[in-house]
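Hello,

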Amino acid sequence: MKKFYGPLVAAAAILLLSACAVRDDAADLYKQEAPLQIAAEVPEEIAPGETVRFQAKLTQNGKPVDEANFVHFEVVKQDGSIPYPMKEAQELGGGVYEMEANFRSDGLHFLEVHAGSGDAISNPQYQFIVGELSESELDSLKEGPAPDAGSSGHHH
């Protein structure tokens, strides 16, 4: 009788395991992500007192993103002060968004573009120089970018 149970258990195990095969269309059952791409135009150097227009082009799946959920520009000075708070960008069409700013103080600055479209969110950062740099700012440039510390904590 014991000889009969061995082949029966093996047959049952094979039958159960064959039901766990991966479906050919399994990848199609999951949501396909479409990352939001942002390309910003930022002058490398700006003269103090000069008015500049920052532009960012948003694309998703290779197509311009008009009517994004949100597009905000934020300018942060390297020393941590924020001369310009986050500001909603103006939509120009064709996936292009713009903000105008005037800088009165010299230094190393960063433009952060905060944007969202559908479920995708992106916030790249671009650096630029206004006027002359201090010694600490020059040292910061020589050291290169700081390691990514993860989320900035901003929520939209």
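Ala-68 sits in the loop that connects strand S4 (63-64) with S5; strands here are DSSP runs of E with at least two residues, numbered from the N terminus. With a relative accessible area of 18%, Ala-68 is buried (buried means under 20% relative accessible area, exposed over 50% and partly exposed in between, with a 1.4 Å probe and protein chains only). In sequence Ala-68 and Ser-117 are 49 residues apart, yet their C-alpha atoms are 4.8 Å apart in space.

Before you go further: this is a predicted model, in which local features need pLDDT of at least 70 and side-chain atom pairs count only at pLDDT 80 or more, while totals for chains, interfaces and linings use all residues. Residues are numbered from 1 along each chain as its sequence is written, and side-chain values use heavy atoms, with hydrogens and water left out.

The loop between S4 and S5 also holds Glu-67. Glu-67 is exposed, at 69% relative accessibility, and has a positive phi near 60° without being a glycine. Asn-61 is another non-glycine residue with a positive phi, of about 55°. You will find Asn-61 in the loop between strand S3 (51-60) and S4, exposed with a relative accessible area of 62%. As background, most residues other than glycine have a negative phi.

Now to strand S9. How many of the residues of S9 are buried? The count is 11 of the 11 in residues 107-117, so the strand is largely enclosed by the rest of the structure.

S9 has several partners; two strands pair if DSSP finds at least two bridges between them.

- Strand S5 (residues 70-77) pairs with S9 in the antiparallel sense over eight bridges, and Val-76 stands opposite Phe-110 of S9.
- Strand S11 (residues 125-130) pairs with S9 over six bridges, again antiparallel; here Phe-110 stands opposite Gln-127.
- Strand S10 (residues 120-122) runs antiparallel to S9 and is joined to it by three bridges, with Ile-121 as the bridge partner of Gly-116.

The hairpin of S9 and S10 has two residues between the strands, and Gly-118 there takes a positive phi near 60°.

Enjoy exploring it!

How values were computed:
Helix = DSSP H or I, 4+ residues; strand = E, 2+ residues; numbered from the N terminus.
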